[in-house]
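Here are a few friendly notes to read alongside the model.

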Amino acid sequence: MIVILKQGITPQEKDKVRSFLSEKGFIVKEIVGQQDTVLGAVGKVSIDPRTVELMPGVSSVVPISKPYKLASREMKKEDTIVQVGKVKIGGNRVAVIAGPCAVESYDQIMAIAESVREAGAVMLRGGAFKPRTSPYAFQGLGEEGLKLLRAAGDAFDMPITSEVVSPSDVKMMSGYVDMFQIGARNMQNFELLKEVGKTGMPVLLKRGLSATIEEWLMAAEYLMASGTDQVVLCERGIRTYEKATRNTLDCSAIPVVQKLTHLPVIGDPSHATGIRDMVAPMSLAIVASGASGVIVEVHNHPENALSDGPQSLYPSQFKKLVHDIQALCPVVGKSLEKIPRVLPESMKSREEETASPASSSFTVAFQGVRGAFSELAVRRSFDESVEVMPCHAFSDVFDAVSSGKAKYGVVPVENTLGGTIYDNLDLLAIHPELTVVGEQQVRVMHNLIVVPGAKMEDIRKVYSHPQGIRQCRAFLDKELPNAECVPFFDTAGAVEYIAKLGDKSVAAIAGAPAARYYGMEVLAQGIETDASNYTRFYILAREENAAPFRSQSPLDKAALSFSVSDEPGALMDILRMIADKGVNMTKLESRPIPGKPWEYLFFVEIQLPEGRERFDELVKDIQEKAVSCKVLGVYASVIG
Ligand code: PEP
Ligand code: MN
């Protein structure tokens with residue numbers, strides 16, 4: 001059962017409720033949610049819920065209807081984010097785990113670890129105890145394999161996961177791995193589950209070959225009841241009558257599981273298909289299904305692999321796959337989980353000593369009210385734990401970062417349908433103390449949002465930003481031809497407004513986070529006419545706070561501004577310099593210079609060429625020729 005506590009419960013009252021439940025034989029877990037704090041009580045005992053409901057500080061008691069209790073969404077509404085070393089799995093992230101089926105040798109695991117890390121994997125896998133169908137097949141290197149896997153994980157700064165097959169190995173393995181893997185064949189090995197659960201460590205729980213979703217969640221419940229709340233589920237294909245693939249990838253299990261449990265779910269396309277060529281498309285299908293990551297087998301010489309060679313990707317194929325996953329992420333509202341790049345010893349500097357942008361306890365400013373698309377861009381770029389500072393105007397965001405009230409600011413610069421947001425380019429020009437440290441993309445998916453319980457036929461008025469209304473015109477004309485559209489200063493602000501009105505005849509058009517934030521209901525999803533609607537944001541900082549961002553991902557873009565003299569071909573000369581250096585220009589804008597009628601400042605974005613020297617030379621050349629030239633930022637194009 002779930003014991004919902006009153007907001008003002010005293011620590012003494014809470015202790016009393018807790019001890020009462022423990023004495024009755026329940027396992028008690030406290031869960032602090034965004035809205036409520038609850039005590040989850042599970043166990044074999046049953047008591048009259050009213051005895052608890054009447055205790056001081058208790059608001060209500062709700063029974064859990066599912067057989068799995070700790071794992072159920074009823075117990076915890078928010079997504080669980082499992083932390084494995086520096087890596088987080090769950091929430092808005094897609095984590096890529098990769099490595100060979102089995103650890104075979106020092107050279108093999110080192111080579112694979114290096115290539116998967118370079119390509120963007122955040123965790124290393126590798127079997128040391130292999131549960132093989134044939135007793136004559138390679139069974140793994142055992143503890144020696146774990147030592148090699150640990151060494152590779154440490155060398156390339158990745159947490160590691162490996163399968164545990166026997167309860168008697170749990171203690172030994174806990175000294176090597178960061179996350180246990182329970183294989184499909186052992187999903188219902190309850191003694192193993194209990195032993196692994198007792199360690200309290202993260203566990204990757206594969207779905208059994210013929211397990212129903214409920215059986216799979218019951219296995220997670222075993223782990224949780226034994227002592228860990230760090231469980232990641234993994235869909236890895238189930239046994240069906242189909243022979244074309246090794247197993248049948250059950251993508252539909254992913255959204256089903258997400259409804260039933262708060263635990264993150266990832267997918268394993270390698271064991272699901274058993275065929276190398278199908279691993280990449282099925283990885284994308286897994287991400288498109290809403291999973292929090294993939295675990296993929298990669299081998300440097302798959303043809304010589306001691307196990308699962310035919311399904312292992314070549315490192316180059318894996319690299320391409322991570323690129324494709326990254327491109328898909330904004331479509332599903334997620335970003336690729338990244339950990340700071342490993343810097344060669346010689347380059348280690350202040351960068352690593354400075355707090356990572358992912359760490360907590362700093363403030364990030366954005367324009368708009370809570371739930372705005374800009375807040376979504378903040379959440380994608382930083383950890384959930386950062387403080388957000390909603391600002392009234394774009395200029396307030398710049399001022400907040402400039403004055404140090406916020407460490408970072410996030411502002412939109414371009415929308416695929418609406419074009420450039422000039423205000424922010426102009427503000428950048430008058431804030432030379434700020435620099436662009438990153439870029440983030442958000443897919444703008446509009447929703448019709450209403451007061452809970454309202455129906456389509458109730459709606460008389462629709463509030464939204466004029467852009468929101470314009471972008472949903474076809475839907476409005478078809479579904480709500482008689483509703484009055486009322487322009488509002490901001491999409492999320494419109495949701496806040498209808499929440500205040502509490503009137504079923506009004507609706508708002510905005511993003512889903514705004515509906516969640518203000519407790520409203522989404523009546524229709526994805527109502528924008530053109531689905532290729534993305535907004536690109538700049539992440540701004542003062543120079544002294546730029547370093548941690550620069551160590552996050554390879555830097556691949558730069559933004560510059562310059563002005564030229566008023567003579568024939570002056571702009572052409574600069575553009576030719578860019579072209580002659582073989583540098584690809586991705587954006588060009590011109591803006592009037594305040595106080596200098598008919599003079600213009602040009603903004604350019606370029607793809608950073610390989611090797612920084614070419615870029616530095618280009619800047620020097622432009623500075624010599626132009627009237628003014630400033631580097632606005634050198635950054636990674638999408639911060640995951
Ligand atoms: C593995 O990950 O190497 C493995 C054996 O997977 P599964 O348990 O899903 O078959
Ligand atoms: Mn395998």
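1. A cut-off first: a residue counts as buried under 20% relative accessible area, as exposed over 50%, and as partly exposed in between. Tyr 497 has 32% relative accessibility, so it counts as partly exposed. Tyr 463, at a relative accessible area of 7%, is buried. Please keep in mind that this is a predicted model.

2. On the aromatic side, the count comes to 11 aromatic pairs. In one of them, Tyr 463 and Phe 488 have ring centres 5.9 Å apart and planes at 90°, so the pair is edge-to-face. Tyr 463 sits in strand β22 and Phe 488 in the loop between β23 and α18, so this pair ties together parts 25 residues apart in sequence. Both Tyr 463 and Phe 488 are buried.

3. Tyr 463 also pairs with Tyr 497: the centres are 5.1 Å apart and the planes at 70°, so this pair is edge-to-face too. Tyr 463, Phe 488, Phe 489 and Tyr 497 form one aromatic cluster.

4. Now for the ligand site: which polar atoms lie by oxygen atoms of ligand 1? A side-chain atom of Gln 181 is 2.9 Å away, a backbone atom of Ala 184 is 2.7 Å away, and a side-chain atom of His 271 is 3.3 Å away. The protein buries 97% of the 300 Å² that ligand 1 exposes when taken alone.

5. Finally, the domain assignment gives domain 3 as 447-524 and domain 4 as 553-640, among others. The C-alpha centres of domain 3 and domain 4 are 41 Å apart.

Technical notes
Residues are numbered from 1 along each chain as its sequence is written. Chains are lettered from A and ligands numbered from 1 in the order in which they are written. This is a predicted model: local features need pLDDT of at least 70, side-chain atom pairs count only at pLDDT 80 or more; totals for chains, interfaces and linings use all residues. Side-chain values use heavy atoms; hydrogens and water are left out. Domain bounds come from an automatic or database domain assignment. A polar contact is a pair of N or O atoms within 3.5 Å; within protein, one must be able to donate a hydrogen and the other to accept it, and residues adjacent in sequence count only if both atoms are side-chain atoms. Accessible areas come from the Shrake-Rupley method with a 1.4 Å probe; for residues, only the protein chains shown count as cover. Rings of Phe, Tyr and Trp (its six-membered ring) pair if their centres lie within 6.5 Å; planes under 30 degrees apart count as stacked, over 60 as edge-to-face and the rest as tilted. Helices (H or I, at least four residues) and strands (E, at least two) are DSSP runs, numbered from the N terminus. Buried means under 20% relative accessible area, exposed over 50%, partly exposed in between (1.4 Å probe, protein chains only).
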